[in-house]
Amino acid sequence: MGFWDVTLILWGGFQKTMLLFALTLVFSLPLGLVISFGSMSRFAPLRYLVKVIVWIVRGIPLMLQIFIIYYVPGILFQQPITERFNAAVIAFSINYACYFSEIFRGGIQSISRSQYEAGQVLGMTKSQVFFRVVLLQVVKRITAPMSNEVITLVKDTALARVIVVVEVLKEAELLASRGLLWPLFYTGAFYLLFVGILTLLFGYIEKRMSYFKA
Amino acid sequence: MAILEVQNLSKWFGSSEVLQDISFTLEKGRTLAVIGASGSGKTTLLRCLNFLERPNEGRILVRGEVLFDADERSRHNEQGIREKRLHFGLVFQSFNLFPQYTALQNVTLARRLMAKTRGEASREVLEGIRDQGLALLAQIGLEDKRDHYPHQLSGGQQQRVAIARALAMGPDILCFDEPTSALDPELTGEVLRVIRGLADGHTTMIIVTHEMEFARGVADEIMFMDEGVIIEYGPPATTLDNPSSERMRRFLERYC
């Protein structure tokens with residue numbers, strides 16, 4: 001099998017990698033914001049519940065969480081998740097939402113109370129203060145830690161192969177099991193290229209927000 | 001009639017009473033300077049007037065309308081407080097401009113959001129808000145800085161923009177919480193000049209300050225507070241030049 005054939009096979013797998021990556025972001029970013037609000041809630045029982053969930057999700061391996069999401073519904077309710085890919089998306093989304101929520105919480109709490117008060121005394125509503133005054137300052141402050149997490153996610157998607165989601169690394173493993181070893185190492189180029197693009201994107205975001213200091 | 005009437009205001013933080021039975025009135029167009037050592041309750045008083053703290057007892061009336069009554073808990077929902085606090089404006093010690101907005105945007109943001117909330121954000125209204133913002137920047141002498149972001153302005157310029165931002169909401173009473181304390185000495189003058197201009201224009205103001213000479217020059221009334229209590233209240237000629245209390249005399253010796 002030639003270089004071009006292998007490239008096509010791996011590219012097919014990498015499309016699944018990117019889809020898993022994109023769907024995880026789409027679900028985990030808003031979910032993470034909701035969790036961060038829960039972890040800052042003035043209602044103590046909710047706050048503690050959220051903190052326990054975050055502790056569990058961050059405390060056990062992501063690989064194990066993928067197994068749990070894929071197998072446990074079937075064991076408990078005789079209602080297995082039939083689509084492996086969906087199970088992976090759910091597991092990744094919950095896992096990353098919990099990590100994101102802590103970054104969001106740190107960012108939100110780093111904004112001085114006086115910014116809220118300045119908005120309040122001008123008669124702004126609480127949501128106006130959050131969305132029009134605080135949020136952009138938070139986004140600026142969390143861009144660097146978020147880029148770390150997002151880049152980690154690109155490579156974590158490879159874990160989905162444990163429930164036989166055929167992403168790029170699984171494709172390479174299938175080739176390897178048939179005696180063709182080099183595509184395994186070739187997958188690194190796909191990851192590197194994608195992470196390179198993301199790095200440029202985050203650099204651009206940071207630059208776009210350099211017009212103010214916060 | 002007095003524009004502001006404060007009746008028997010008390011505020012506790014835990015077991016310490018930071019405001020004890022504060023009562024005073026202020027006439028429209030007058031300037032009140034509040035002086036006293038740090039920890040005397042001056043800032044807490046301003047924060048109570050601006051609904052940033054909730055007094056435990058007492059009433060606040062503006063133009064005879066009861067804005068706050070500690071005995072009536074039910075009336076203090078968020079919407080109600082938002083409308084009532086617009087009777088007051090507050091200029092903070094540390095300016096607290098919004099860093100991601102230009103000087104002009106800082107001045108106009110709250111008015112624009114309010115127009116949107118009320119569903120009256122037509123082009124004419126928004127242009128009117130912008131014109132008012134430009135006029136306010138001209139009033140404080142910073143129209144050429146309208147597109148500058150806060151970090152591009154000096155402390156004195158930031159504080160002047162903060163004053164314009166508070167004025168934009170058209171408050172009945174403008175409060176200042178040590179407006180020059182965070183400034184280098186050479187920058188206090190420009191801020192004090194703006195405040196003096198407002199006093200000359202008969203803006204009703206309450207100014208918490210450590211600048212005794214400024215207080216003497218600009219204030220119609222002086223309030224001296226100590227440990228949450230009003231010790232002296234009256235025109236500078238009596239309170240500053242002829243204090244009747246021993247505590248005020250000792251304070252003035254230290255500061256003047």
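Trainee: With which residue of chain B does E117(A) form a salt bridge?

Mentor: This is a predicted model. In it, E117(A) is paired with R47(B), and the closest N and O atoms lie 2.6 Å apart. The rule finds 1 salt bridge across the interface of chain A and chain B.

Trainee: What area do chain A and chain B bury between them?

Mentor: The accessible area lost when the parts come together is often used to give the size of an interface. Here chain A and chain B bury about 2300 Å², with 60% of it on carbon and sulfur atoms. Of the area that chain A buries against chain B, 31% is supplied by V121(A), L122(A) and R132(A), more than by any other three residues. The contact takes 22 residues from chain A and 27 residues from chain B.

Trainee: Turning to the sheets, in what order do the strands of the open sheet of 6 strands in chain B stand?

Mentor: Strands of a sheet pair through backbone hydrogen bonds, either parallel or antiparallel. In this sheet of chain B the order is β6-β7-β8-β3-β9-β10, and the pairing is mixed. Strands β6 (88–91) and β10 (229–234) of chain B are at the edges with a single partner strand each, so one side of each is left without a neighbour in the sheet. On average, neighbouring strands are turned by 20° against each other, direction ignored. Helix α5 (residues 155–168) of chain B packs on the sheet, where it touches β6 and β7 (173–177) of chain B, and its direction makes about 170° with that of β6(B). Strands β9 (residues 221–226) and β10 of chain B run antiparallel and are joined by 5 bridges. Within this pairing, D226(B) has V229(B) as its bridge partner in β10(B).

Trainee: Which strands stand at the edges of the open sheet of 4 strands in chain B?

Mentor: The order of that sheet is β2-β1-β4-β5 (chain B), with antiparallel pairing. Its edges are β2 (16–27) and β5 (65–69) of chain B; each has a single partner strand, so one side of each lacks a neighbour in the sheet. The twist averages 15° from one strand to the next. Helix α1 (residues 42–49) of chain B lies across β1, β2 and β4 of chain B, at about 115° to β1(B).

Notes: Residues numbered from 1 in each chain as written. Chains lettered and ligands numbered in written order. Predicted model: local features only at pLDDT ≥ 70, side-chain atom pairs only at ≥ 80, totals over all residues. Heavy atoms only, no water. Contact = heavy atoms within 4.5 Å. Buried area = accessible area lost by both parts, 1.4 Å probe. Salt bridge = Lys/Arg side-chain N within 4 Å of Asp/Glu carboxyl O. Pairing = 2+ DSSP bridges. Helix = DSSP H or I, 4+ residues; strand = E, 2+ residues; numbered from the N terminus. Axes fitted to C-alpha atoms, helices over the stretch in contact; angles between N-to-C directions.
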